[in-house]
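Welcome! Please take a moment with the sequence and the model, and then let us walk through a few places together.

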Amino acid sequence: MKLSYKIAIKNPENHMLQVVIHGRKGPEENEISFFLPSWSPGSYLMREYGKNIRTFKAEIANGEVLYHEQVDKGVYRLDWNKSQLNTPSDEFQITYEIYCHELTVRTSHIDRSHAFIHGPSVFMGVVGKEIEGPTLEIEFPPLWSKVTTGLKDISTKREVFLYQAKNYDELIDTPVEIGCHETDGFRVEGIDHELAFYGGTFPHKWELKEDIKKIVEHVSKTMRDIPYDKYTFITHYGPGLFGGLEHLNSTALQYCSRSMTERKKYVGFLELVAHEYFHTWNVKRIRPIELGPFDYLNEAKTRMHWLTEGLTSFMDQLFMYRLDFVTLEEYLELMKKNLNRYYSIPGRKFHSLEDSSFNSWIKLYRPDENSNNSSISYYLKGGLVFFVLNIMMNEKGKSITDLLDALWDGFKKRPEQGYVKEEVLKMITDIAGKDVCDYFDTMISTTNEIDFEAFFNKAGIEVEWESAPKVWLGLTPKFLTDRVVISQVALDGPAYKGGLNAGDEILAINGLRTLKDGFNDYESYMSATDSYTFTISRLGYIQDVVVSPSAGPKMIKGFKVVDSTKASQWLKARMPQ
């Protein structure tokens, strides 16, 4: 089916987007169902974008009303048999308004300053139909001046903004930034890379464009190919923002404006850039078989997010080291943070990486007070598992780069088909042997504890543990001004055993009023050998609970590099020059 889309932003302060779709039905077709996706590839949560539709109408070419009805959430059926048409016509037009006022990388946002259009949240597709070569015309307020998108520009007039995609999947997989944003760019291997920046940052000394270019050059050399004709980075800066979402030839990023001034946090932004850019290969092309073609109305469950996000989480920090954005000591600090976070999550004992992946729709993307007690992030554990795999491969004279080569070569042989687990395991076997593959399979399919310390030792690094564990309550507070409210309770921790619950407000400890400052300092006045009476408010009722603190879970204090040559070698093995 051929469709042309037009979006119009008439009053941006109202956050409404008008979408008009023109098309022609086949001679024998009497019903066509349009749908708005319920989720976005790369963000595994049913977001039900149809909830933002305000009005919907359908008509034929001369303006006569075409019968339509909503048949499901975000699904509207056009029916010619039920229409009272004076002049029969195969041509039709649907028009709908959709509310856009959520600034994330997976939703659309329109206000007086700009418009960010996230395709799945605004563009309807047709149930059971392929849409070939859809066009998109963009109409926006006269005070705005720019459109940034990875879509192909086919405009023939300066005042008309007209674009084309290969198909519906590409149309909704290509975000659009509209407004008066700052733009820049660079070329790598003769290919344009466009930068768009919305919002502002505090003044900083970093060469952002050059650093992003270094990432593009290094990652593309690592993967040995650039699989696009043009690439677009769209970045939103604002207080407290953070996020990223990969697309076929672009990415949408969000980062806190104030964080760009501090070197460590600036490197965190570069890590985010590397993460999303690496997804150009790993996820958008190298992917589990379940992730495409997509059913945009139903979940795409896979047990292989250890590959999509675990591998990417390992590589983004590895890229930071290989590009000299961090030293070996700073890289190990990142690993310390990863491992200490891992050890603090009881849910690792209940969910394997495969379980975590399969349940992403109801666990990782819908976190609650008990999430850390029941599951583990496939980003976090997945990255650590590939860290271990890289060390095991290095012992066999290989590296993670050999696996990337195999994955990419396999993709090029069959670009329309994703991988199943057995194919990836065979690659690991062919590269490093069955023993390595079997251990890797155990790490992703079971909850067995992994002896990370032993693998650090093999890499010439000693783990230094905290000698005196701190007093630990096993709860996470949130502060409502000065009030102390429990947001999470760790499984089998002191608070859990004593009977404290998430949602409890701590009013006093041993009869003394407890507020934010005093609670944050509890390690200075509590011991692991005494018990304390917590006066709490639970559901409006005041009661006392006795809690006995304990020593905290094991924590890594730091790392000691015993063999710097070996430590660096396993990180830089087969690094492109």
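Which residue in strand 25 does V484 stand opposite? V484 stands opposite I506. Before going further, note that this is a predicted model, where local features need pLDDT of at least 70, side-chain atom pairs count only at pLDDT 80 or more, and totals for chains, interfaces and linings use all residues. Residues are numbered from 1 along each chain as its sequence is written, and side-chain values use heavy atoms, leaving out hydrogens and water.

Strands here are DSSP runs of E with at least two residues, helices are runs of H or I with at least four, and both are numbered from the N terminus. Two strands pair if DSSP finds at least two bridges between them. Strand 24 (residues 483-489) runs antiparallel to strand 25, joined by 2 bridges. With strand 27 (residues 532-538), strand 25 pairs in the antiparallel sense over 4 bridges, and there I509 has F534 as its bridge partner. Strand 25 also forms a hairpin with strand 26, with 2 residues between them; N510 in that turn has a positive phi of about 50 degrees.

Now to the charges and rings. The charged end of K25 sits over the ring of W80, 5.3 Å from its centre, and K572 has its charged end over the ring of Y321, 5.0 Å from the centre. The rule asks for NZ of Lys or CZ of Arg within 6 Å of the ring centre and within 35 degrees of the ring normal.
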